[in-house]
Amino acid sequence: MRVLVQRVSQAEVTVAGEVKGRIGEGLLLLVGVEEADGGDDIGWLVRKISQLRIFGDENGVMNRSLLESGGQALAVSQFTLHASVKKGNRPSYSRAARGEISQPLFDRFVAELAAALGKPVPTGVFGADMLVSLVNDGPVTIWLDSRNPE
């Protein structure tokens, strides 16, 4: 699984003119699932995301996690995170899992993250054409890949 983590002061996802998820301070999570992903990938990402120390402490130093800051998370499925541009100019999405595989894994990721945070994690609509708006705070943007944990 791949997750693009963006620290935000606010974010929302809209489908067909209707806001489906909205948060204040916290993390916008763009989540891509590939065929080989499973429970271990979800567990690693949930622990990493909930414990990443990327929020300011009383001295303005990035030393607090999402759990410690009390922030929110908004998760949006995004298969394009698995795009390959090795050949030509048209991205290939062959590594991205099909919906029947990726949707249950995305839903499980959201449920486990919500349990870890002790609060709901709003989402967009899986497979829909979504508009995502955000105010990136910092900017802080971090790439997480459970297949290449760095």
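Predicted model: local features only at pLDDT ≥ 70, side-chain atom pairs only at ≥ 80, totals over all residues.

Biologist: Which residues of H3 are buried, and what covers them?

Modeller: Buried means under 20% relative accessible area, exposed means over 50%, and partly exposed lies in between (1.4 Å probe, protein chains only). In H3 the buried residues are Ser102, Leu105, Phe106, Phe109, Val110, Leu113, Ala114 and Leu117. Their cover includes strand E3 (26–32), helix H1 (39–51), helix H2 (66–69) and strand E6 (72–77). In H1, Asp41, Ile42, Gly43, Leu45, Val46, Ile49 and Ser50 are buried, and the buried residues of H1 pack against E1, E3, H2, H3 and E7.

Biologist: Which residues does Leu45 touch?

Modeller: Contact means heavy atoms within 4.5 Å. Leu45 lies in helix H1 and is counted as buried because its relative accessible area is 0%. Not counting residues up to four places away in sequence, Leu45 touches Met1, Val3, Phe109, Leu144 and Ser146.

Biologist: How many residues does the largest nonpolar core have?

Modeller: A nonpolar core is a set of buried Ala, Val, Leu, Ile, Met, Phe, Trp, Tyr and Cys residues joined through side-chain atoms within 4.5 Å. The largest has 28 residues, and those with the most contacts inside it are Val5, Leu27, Leu29, Ile49, Phe109, Leu113 and Val121. E1, E3, H1, E6, H3 and E7 each supply at least two residues of this core, and H3 gives the most, with 7 residues. A second, separate core of 12 residues includes Ala11, Val15, Ile23 and Met130.

Biologist: Which residues does Ile49 touch?

Modeller: Leaving out residues up to four places away in sequence, Ile49 touches Val3, Val5, Leu27, Leu29, Leu66, Phe109, Leu113 and Leu144.

Biologist: What is the volume of the largest pocket?

Modeller: On a 1 Å grid over the protein atoms alone, a pocket is an open set of points where a 1.4 Å probe fits, with protein on both sides within 12 Å along at least five of seven lines; lining residues have an atom within 4 Å of a point. Grid points are joined across faces, edges and corners, and a volume is the space filled by probe spheres set on the points. The largest pocket has a volume of about 350 Å³. Of its 20 lining residues, the closest to the centre are Ser77, Gln78, Phe79, Gly127 and Met130. E3, E6 and H3 are the elements that give two or more residues to the lining.

Biologist: Is His82 buried or exposed?

Modeller: His82 is in the loop between E6 and H3, and it counts as buried because its relative accessible area is 1%. Beyond its neighbours within four places in sequence, His82 is in contact with residues including Arg2, Glu34, Tyr93 and Arg95. Tyr93 is found in the loop between E6 and H3 and is partly exposed, with a relative accessible area of 34%. The C-alpha atoms of Tyr93 and Ala83, 10 residues apart along the chain, are separated by 4.8 Å.

Biologist: Where is Ala16 found, and which peptide bond is cis?

Modeller: Ala16 is in the loop between strand E1 (2–15) and strand E2 (18–23). Ala16 is not a glycine, yet has a positive phi of about 50 degrees, and it counts as exposed at 80% relative accessibility. The cis peptide bond runs from Gly138 to Pro139, with omega near 0 degrees; Pro139 has its place in strand E7 (residues 131–145).

Conventions:
Residues numbered from 1 in each chain as written. Heavy atoms only, no water. Helix = DSSP H or I, 4+ residues; strand = E, 2+ residues; numbered from the N terminus.
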